[in-house]
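Student: I am new to this structure. Please take me through it step by step.

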Amino acid sequence: MFIRLILLFAIIAILLWLIKRLFVEDPAPREIEHHTKTRSENMRQCKFCGVHAPETSIVLVNGNPYCSQDHADRDQQ
Ligand SMILES: [Zn+2]
């Protein structure tokens, strides 16, 4: 009876370890992909507020980079 209880605990422990391993290993490749994406993206500084924003979200007005259309409009005034 006591051996059966130990065996049951061992099975539960192995199952928990397997479940934990599945959940831990799954998001890892996505995180690496995300890091390489952000690293390869060029950062531009907003002429109005000085914030660094990715080049894809930068608004260019008269060749000047801005973090948003709002800052581009405010700098023109
Ligand atoms: Zn700005």
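Student: How many of the residues of α1 are buried?

Tutor: This is a predicted model. Helix α1 covers residues 2-25, which makes 24 residues. The helix is hardly covered, and its count of buried residues is 0.

Student: How far does α1 reach from its first C-alpha to its last?

Tutor: At 1.5 Å a residue, 34 Å is expected for α1. The computed reach is close to that value, at 35 Å.

Student: In what pattern do the helices and strands follow one another along the sequence?

Tutor: The protein has 3 helices and 4 strands. Read along the sequence, they give the pattern α-α-β-β-β-β-α.

Student: What percentage of the residues of the protein count as buried?

Tutor: A residue is buried if 20 or more other C-beta atoms lie within 10 Å of its own. The protein has 77 residues, and the part of them that counts as buried is 4%.

Student: Is tyrosine 66 buried or exposed?

Tutor: Tyrosine 66 lies in strand β4. Beyond its neighbours within four places in sequence, its contacts include Cys46, Phe48, Val61 and His71. Because tyrosine 66 has 24 C-beta neighbours inside 10 Å, it counts as buried.

Student: Is asparagine 62 buried or exposed?

Tutor: Asparagine 62 is found in the loop between β3 and β4. It has 8 C-beta neighbours inside 10 Å, so it counts as exposed.

Student: What is the phi of asparagine 62?

Tutor: Most residues other than glycine have a negative phi. Asparagine 62 is a residue other than glycine with a positive value, near 55°.

Definitions and conventions. Residues are numbered from 1 along each chain as its sequence is written. This is a predicted model: local features need pLDDT of at least 70, side-chain atom pairs count only at pLDDT 80 or more; totals for chains, interfaces and linings use all residues. Helices (H or I, at least four residues) and strands (E, at least two) are DSSP runs, numbered from the N terminus. The expected span of a helix is 1.5 Å times one less than its number of residues. A residue is buried if 20 or more other C-beta atoms lie within 10 Å of its own, exposed if 12 or fewer, and partly exposed in between; C-beta atoms are placed from the backbone. Two residues are in contact if their C-beta atoms, placed from the backbone, lie within 7 Å.
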